[in-house]
Amino acid sequence: MNDASRSELIDELYMTAREAAAELGVTINTLYSYVSRKRLRTRQVPGTRQRIYWRADIAHAKALLWKRAELNGRPDNTDITLLTPQAPFYRGRNAIDLSDHMTLEEVAALLWQVDEQQAFGAATPSVPVELSGMGNLLSHAMTTDKAIALLPFLEHANPRAFDLSHIGMCRTGADVLRWYAAILTDTDRPSNEPLHEQVAKHLKASAEVADAIRRLLVLSADHGFGAGTYAVRAVASSGVTAYRSVLAGLSIASGRESRLGRSEGIRQFLHEVADSADPRSVVVRRLRKGELIPGFDSPQPYEGQDPRAEAMLRHLEKIFGSHSLFKKVERSCKIVGETLDLYPSFALVNILFGQLVGLDRHRVLYVLGRCAGWVAHSIEQSQSGDFVAPSATYRGELPVPTGN
């Protein structure tokens with residue numbers, strides 16, 4: 001077979017990364033993440049760093065995506081957050097800009113469409129008498145698991161949670177955020193101090209680290225219709241309180257395929273980078289094995305770097321620019337960018353920040369921020385009066401006809 005025939009055969013059987021991404025309607029970064037998740041077969045073009053993708057696998061993946069879109073029945077209409085390649089917009093306001101000066105409470109009030117003081121007043125929710133015993137029982141559990149276990153008891157200790165009016169749900173939302181902050185910081189009762197300051201006090205952090213915590217919480221508040229948000233809205237449509245809606249979001253966030261569930265891979269990568277004399281060797285070793293580099297799969301609609309990650313990294317450089325871990329991670333990110341044209345995700349930045357400030361691996365800050373968005377979706381869905389009921393197509397055994 002001559003070179004022209006071989007090239008023609010390759011074109012018939014394979015697609016370039018850009019062709020494959022266009023066919024699936026996803027970004028290049030998402031395509032790379034599909035290689036392992038959707039079992040897309042790929043091979044490297046000899047003598048180059050370019051990879052090509054098996055056409056049949058792309059066609060199969062496209063068919064599955066279309067099928068899911070036809071059947072999912074998701075509530076895709078919202079007034080809360082607009083995602084654009086430049087930034088998320090909370091109620092029409094650039095979230096990156098808001099992170100420069102707003103607290104999570106102020107952003108929550110914006111998302112919930114309520115006056116901040118009406119929701120986050122001085123009063124704090126009641127503490128159930130059983131909490132101390134349960135807290136000891138769960139002392140070594142992940143923050144999300146603790147919250148999942150405790151939220152139903154915290155709900156019943158606070159009867160006003162069952163007020164499903166707009167203002168009632170906003171007040172309950174504030175209670176939920178304060179309770180989650182208390183669980184995150186191993187405090188036995190909620191506080192009316194600013195949420196980021198509660199976390200900073202737990203870490204004995206400086207004022208500039210406290211400000212970085214504030215920024216990260218604001219940028220974590222909402223990000224459209226992920227699986228957790230869909231679960232929150234589906235549960236909220238049945239008429240439960242914000243406690244139960246957030247519980248649904250936490251349950252999804254703990255899943256193996258969720259961003260939180262995939263964080264262990266990112267942690268391992270960061271540990272490898274931290275322990276290496278040369279971060280380049282870590283990246284090269286993974287590339288030689290054909291492994292994906294975890295933490296570089298920014299979600300849609302971002303074509304390049306997630307602007308939230310970019311903004312946080314710029315700010316963290318001012319605080320931790322001379323820190324050995326930050327310098328090594330910065331170097332590894334540059335190598336991945338030059339080699340694969342991939343950039344660090346917001347998830348990677350979250351985990352990196354946690355390691356820089358000494359946050360226990362079982363405590364993930366972004367979930368506290370995301371609770372504000374989950375409450376917003378809970379309120380919007382509840383107030384709409386629509387019941388979320390996805391359609392389904394039965395594919396099991398057909399009934400056996402019977403005679404008269």
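A definition to start: a crossing is right-handed if the near helix is turned clockwise from the far one by less than a right angle, and left-handed if anticlockwise. Keep in mind that this is a predicted model.

First pair. The crossing of helix 14 with helix 20 is right-handed. Helix 14 covers residues 242-253, helix 20 covers residues 365-384, and their axes lie 9 Å apart at an angle of about 125°. That makes helix 14 oblique to helix 20. Who makes the contact? From helix 14 we have Ala242, Ser245, Val246, Gly249, Leu250 and Ala253; helix 20 supplies Val367, Cys371, Trp374, Val375 and Ser378. By class, this contact has 8 nonpolar residues, 3 polar and no charged.

Second pair. Helix 10, residues 166-184, also packs on helix 20: the axes come within 10 Å and cross at roughly 160°. Oblique again, or antiparallel? Roughly antiparallel, because the angle is over 145 degrees. Helix 10 passes helix 20 in a right-handed crossing. Contact residues include Met169, Gly173 and Leu177 of helix 10, and Leu368, Ala372 and Ile379 of helix 20. The residues here split into 13 nonpolar, 5 polar and no charged.

Now the histidine. His223 sits in the loop between helix 12 (207-220) and helix 13 (227-236). Buried or exposed? His223 is buried, because its relative accessible area is 12%, under the 20% cut-off. Its side chain makes a polar contact of 2.8 Å with the side chain of Tyr302. Beyond four places in sequence, His223 touches several residues, among them Leu83, Pro299, Arg308 and Arg370.

Definitions and conventions: Residues numbered from 1 in each chain as written. Predicted model: local features only at pLDDT ≥ 70, side-chain atom pairs only at ≥ 80, totals over all residues. Heavy atoms only, no water. Helix = DSSP H or I, 4+ residues; strand = E, 2+ residues; numbered from the N terminus. Buried < 20%, exposed > 50% of the residue type's maximum accessible area, 1.4 Å probe, protein only. Polar contact = N/O pair within 3.5 Å; in protein donor to acceptor, adjacent residues only side chain to side chain. Contact = heavy atoms within 4.5 Å. Axes fitted to C-alpha atoms, helices over the stretch in contact; angles between N-to-C directions. Parallel < 35°, antiparallel > 145°, perpendicular 65-115°, else oblique. Nonpolar A, V, L, I, M, F, W, Y, C, P; charged D, E, K, R; others polar.
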